[in-house]
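What follows is a guided reading of one structure, taken a feature at a time. Please keep the sequence and the three-dimensional view at hand while reading.

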Amino acid sequence: MSEAENKSVRELPYVMAINEGIKEVLREQKDAFIAGEDVAVAGGVYGYCTGLLDEFGEDRVVDTPISEKGIMGLGVGASATGCRPIIDLMFMDFVGECMDEIANQMAKMRFMFGGKATLPVTVLTMGGAGGSLAAQHSQSLEAWLAHLPGMKVVMPSDAYDAKGMIISASRDNNPVFVVLNKASLAMTMEVPEGSYEVPLGEACVRTQGKDLTIVAFGRMVHEAMASVEKLKAIGIEAEVIDARSVQPFDTETVVNSIKKTHRALVIHEAVKFGGIGGEISAQIQEEAFDYLDAPVMRVAAPFSPVPFSPALEKVYIPSSDSIVTKVKETLAL
Amino acid sequence: MVAKKKNAKSNLPSQKVLQELHMKMVRIRRFEERAGKMMEDGKIPGALHLYVGQEAVASGVMQHLSNKDWITSTHRGHGHLVAKGGEFKPMFAELFGRSTGYCRGKGGSMHISNMDLGMLGANGIVGGGPPIAMGAAFSNRFKKNKNVAVAFFGDGASNEGSVHEAINMASLYKLPCVFVCENNGYGEYTAQSRHQAIVDVADRASGYGMPGVVCDGMDVMAVYEAAGEAIERARKGSGPTLLECKTYRYYDHVGVRGMGLTYRTDEEVEEWKNKDAIEGFEKRLIQLGVMTKKKIENVHASVGKDIDEAIIFANESPYPMPEDLLDNVYNEET
C-alpha cells in the first residue's frame, strides 16, 4: 500500500474507482488492452469504461461481438503470446458461455505446458443480486472459479479495493478474476489518485471485536458492518474480516482472529450449499478446532435461483438482520 | 460465395522445399507409427490420437511458418508439433510421462506444446484451439509484427460454437489468422454425413465474409499452395481464410486399432490408403528427379534411427518427482 501514501485522496464511487483502475493499467502497461461487449463506444453498460476509448483508442479498447467463448479465448491467446489483456465479462452469470475457455484453457495452460506458458490476463466481471435482474443476471458464482487450480479470484468490497485490486491483478502473472458487485456501484469512499496495489490473497480486518469473527465476501462486508452496529446495541463485539480474496484464501488472518474470539460466522451472497463458506468452515475446523467454543456457522443465500420479485429477492439476499440472528445463535443467546 | 476448389498448379517450389515437405511427412509418419506401437506395448499411458494419413496437411501448412508464427493444434496434435520443428526426444519423453518431456510430463499427448516453436498446444477439448489462435493473431496485430496464427481443427470441431465465435471475430477484426479445417470425414466415430448437413466446411466461410478454400489434403503440394496463399493474405493484413483440407486418418480415433468399433469399412480405409500422401509424393519426387529411390530410403532410415535414439532417451529419462506436482500451477514470479 506504500504507493497509495502521499497521494491526494477524494471521494469516489465504486464504479469510478473501477474506471480509474482500468485507466491506470492501460497507462502503465503498454501491452495491456481491454476487450468486451459494449466497452468502447458505449463506455460499458455500468459506465466504468467511460472515457477509455477517447484516451486509449481503438487498438486498446475493443468492442467485441456477443461471443463470450471468443472473448475469453482472445484473453487466453493474447495473454499467452505477450499481451496483458483485461477481459470484460459483462455479467458473472455468463461464465457458463465460456467455461471451457476459463476452466480448461486459461486456468490450466501453464500447468499443462510444464510451466512454459504465462497468462497475465485480468477478467472483470459483475456478480450479485439486488436489482431484480432475476436468475441469469444476479448470481454469485465465485466458488466455481475458486475451484480451479491456476485461477485467482478476488472480490473487492469497496472502491479503494476495486481500484487497487484491478491494478494488482493486471500486474500479476496469472489469470485473475476480479468479481465486482453491482449493488456497490454507487457506494462512495476516499480513493487515492494515481496507481496503488491492494495485494491479492490478503484479507483485511475491517473492525475489531472480541466475541466472534465474521468472515465476509464482497458486498456482504457491508451487511456485516451494518450488523456490527446492531450487535453493539445488545452488547456483542464482532470482528469483521473482509476476505477480499477467495483464491488464494487468507486462512492465517481468519485463524488469528478466531484465536482471540473463539467463534466464527462465514457470510456470502452465493447459495449456501457448495458455496465457498463450506470450504472456509472446513479450513477453520482443520486449523483452529482447539480454539473454537462453538460450531462455525454460515449465513448465505437459500438454495434457490435468484428470484425476480423484489419481495422475494429481499428474502433471498443475506442481510444485517439475518446476520444478527445467526450471531445470536452462535453465541447461544 | 461458394468455396473454391484448389488443385496444385504446375509451377513447382524449389527442390529444397520439396525435400523439406517430404522430410516433414516422413518424420510425422514414423513418429506416429512408433508411438502407436509404444502405446500397444504399454509404454505410453493414457489416450493417443494418431495423425497417420493426415501428414500432408501439417507439412504443407507448416512449410510457410517460422517459429514466430503461432499455431493451435487439436487432440491429434503430434503431427503439427513435428512439422513445426518438434524434436523426437522431448516429444517421446512427454508421451512417456517423463520429466524431460516438453511439458515435464504434465501435459502428455493431448497437451503437448512448445512455446519456443510457436506451438500453443495440442488440446483435449474439441474446438479449444481456434479461440486461442484468434487471440494469438490479435496479439500479433497489437504488437504490429508480421507473424500469423494458424488454427488447426477438424470437421467435428467445425460444429462447436467456440469455432464459430473465433472465426467471426478473426474476420471482423481482419486478424492475421488462418483456419485450417482438417476434414478427415469423422468426428470421433461419427461420419461427417451424420454430424453436419454440408459436404464442404469451407462453404461456411461466406457466412463470415471471408474466403473459403477446399483442397486435397492428401496432396502435400495442393496444401502447400493453398496454405501459402492463405498465409500470405493473413500476413499482409487482408484477414483470415478458411482452408479445408480433405484428408483421412488411417488409424482409429484413439490408438491404432482403437476399440474395434464398426463405424467405417476396411474397404474405405484401403481406398484412402491408395491415395497415400507420402507414397504419391515420393513417386512424383522420383519422376521430377528431385530425389532418387535410394535417397528416399535413406531419409526413412535416418528418421527411423532418430526415433530409436529418442525412444532410448525417453525410456532412460526420469519420471517427475512427487514434489514437482504443485510446480507450475501458478506463476510465482512477480
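**Helix packing, aromatic rings and backbone details**

In this predicted model, helix 1 of chain A passes helix 7 of chain A in a right-handed crossing. Two packed helices are described by the angle between their axes and the distance between the axes. Here helix 1, which covers residues 14–28 of chain A, and helix 7, which covers residues 159–171 of chain A, pack at an angle of about 25 degrees with their axes 8 Å apart. Because of this angle, helix 1 of chain A is roughly parallel to helix 7 of chain A, as angles under 35 degrees count as roughly parallel.

The residues that make this contact can be followed on both sides. From helix 1 of chain A come Tyr14(A), Ala17(A), Ile18(A), Glu20(A), Gly21(A), Ile22(A), Glu24(A), Val25(A) and Glu28(A), and they meet Ala159(A), Ala162(A), Lys163(A), Ile166(A), Ile167(A), Ser170(A) and Arg171(A) of helix 7 of chain A.

The aromatic side chains come next. Over all chains, a search of the whole structure finds 17 aromatic pairs. For Phe91(A) and Phe94(A), the ring centres are 5.4 Å apart and the planes stand at 55 degrees, so this pair is tilted. Phe91(A) and Phe94(A) are both buried. In chain B, one aromatic cluster is formed by Tyr186(B), Tyr189(B), Tyr248(B), Tyr263(B) and Trp272(B).

The backbone also deserves a look, beginning with chain A. Gln247(A) and Pro248(A) are joined by a cis peptide bond, with omega at about 0 degrees, and Pro248(A) lies in the loop between strand 12 (245–247) and helix 9 (251–261) of chain A.

In chain B, Lys174(B) is not a glycine, yet it has a positive phi of about 50 degrees. This residue, Lys174(B), is found in the loop between helix 6 (161–172) and strand 4 (177–183) of chain B. Is Lys174(B) buried, exposed or partly exposed? Its relative accessibility is 48%, and Lys174(B) therefore counts as partly exposed.

Asn328(B) is a residue other than glycine with a positive phi, near 75 degrees, and its place is in the segment after helix 11 (293–316) of chain B. Because its relative accessibility is 11%, Asn328(B) counts as buried, the limit for that term being under 20%.

Terms used. Residues numbered from 1 in each chain as written. Chains lettered and ligands numbered in written order. Predicted model: local features only at pLDDT ≥ 70, side-chain atom pairs only at ≥ 80, totals over all residues. Heavy atoms only, no water. Axes fitted to C-alpha atoms, helices over the stretch in contact; angles between N-to-C directions. Helix = DSSP H or I, 4+ residues; strand = E, 2+ residues; numbered from the N terminus. Parallel < 35°, antiparallel > 145°, perpendicular 65-115°, else oblique. Left-handed = near helix turned anticlockwise from the far one by under 90°. Contact = heavy atoms within 4.5 Å. Phe/Tyr/Trp six-rings, centres within 6.5 Å; stacked < 30°, edge-to-face > 60°. Buried < 20%, exposed > 50% of the residue type's maximum accessible area, 1.4 Å probe, protein only.
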